[in-house]
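Here is a short report on one strand and its neighbours. Please keep the sequence and the 3D view open while reading.

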Amino acid sequence: MKCLIVQPIHDRGRAMLRAAGVEPVPCPTPDMDTVARLIPGCAAVITRDAGLSAQAIAAGDALRVVVVHGTGHDAVDKVAASARGVMVCNTPGANARSVAELALGLIVAAARGVAGADRAERAGQPGFRESARFAELSGKTALIVGWGAIGRDLGRMLDAALGMRVLVHSPNAPDTGGFARTASLEEGLAQADVVSLHTPMRPGNRHMMNDARFSLMKPGAVLVNLARAGLVDEDALARALGSGRLAGAGLDVYSPGAPLGPLAAQNVIFTPHLGATTEEALIRVAEGAAGHVLTALAGGVPETALNLADLRGQHP
């Protein structure tokens, strides 16, 4: 049997597949035309943020399972997969600690003006520390939007390491670990010195951070986004930063070209979607993804199967 690897995964995951007699098939580029060309004959697919389109799924004549390397699965066409009896799984939690640690770093860097300080120092521009404003975080309020594994890890870090008051906006979370839940996003934004986004893209939350929402935030607040670029209206963010409403931002996800646009001149730290890219997390996620493939191909159901209810009885 074959497993198409749409985007590279750690060697440990590929070794698990080979040891079980499943041949990993590398994909030279993650565009869906290439995927559709390579997917015939593959019983499984492991994909990352490239997802898997209906076109590619339709070409998968032997396809039985799609595993997302990570948590976010909105880029996989689950309707098309379910219609063809293809199970879809993800690997939540395996990279949560790494993403939360980067979020913590971006929060501190944005609050302390690290991006601007670095640029000024490299350019030999004296006086930066006298001209910019910086904030201490101890005792301040952080709003975490989305209370999955990443949000929970970050909340504990902000509480224990920085002594911050943590608020949670996640209407569907059954338990917030003792942290206060806000009745609405607007209520949380009005109280927060730091806002960190960790919610998936869902119908209706595109550009949830827009001009109206930024206007509710405290002057000098900081925004961090390690979830999905579409959650933030980047033009509105540039306006909020330029007006001084926000003091800074840390973006691990953003639209193509954003670093070269109006955000480039602001106090923004850009990282290229590397929240989960640590050696430890890459091993955990790759091994978890490979394990789900092997379970499904052996006739089992991985515990993270996302579309069982829609598979029309084709799986136990």
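Predicted model: local features only at pLDDT ≥ 70, side-chain atom pairs only at ≥ 80, totals over all residues.

Residues are numbered from 1 along each chain as its sequence is written, and side-chain values use heavy atoms, with hydrogens and water left out.

Strand β10 spans residues 221-225. Helices (H or I, at least four residues) and strands (E, at least two) are DSSP runs, numbered from the N terminus. β10 is mostly covered, with 5 of its 5 residues buried. Buried means under 20% relative accessible area, exposed over 50%, and partly exposed in between (1.4 Å probe, protein chains only). On one side of β10, Ala221, Leu223 and Asn225 are buried.

**Pairings.** Two strands pair if DSSP finds at least two bridges between them.

| Strand paired with β10 | Bridges | Direction |
|---|---|---|
| β9 (residues 194-197) | 4 bridges | parallel |
| β11 (residues 246-251) | 5 bridges | parallel |

Leu197 has Asn225 of β10 as its bridge partner. Ala221 has Leu246 of β11 as its bridge partner.

**Crossovers.** β9, helix α10 (residues 211-216) and β10 form a right-handed β-α-β unit. A crossover is right-handed if, with the strands pointing away from the viewer, the path from the first strand over the helix to the second runs clockwise. β10, helix α11 (residues 234-243) and β11 also form a right-handed β-α-β unit.

**A helix residue.** Ala15 lies in helix α1 (residues 11-19). Ala15 counts as partly exposed because its relative accessibility is 40%. Ala15 and Met209 are 194 residues apart in sequence and 42 Å apart in space, C-alpha to C-alpha.
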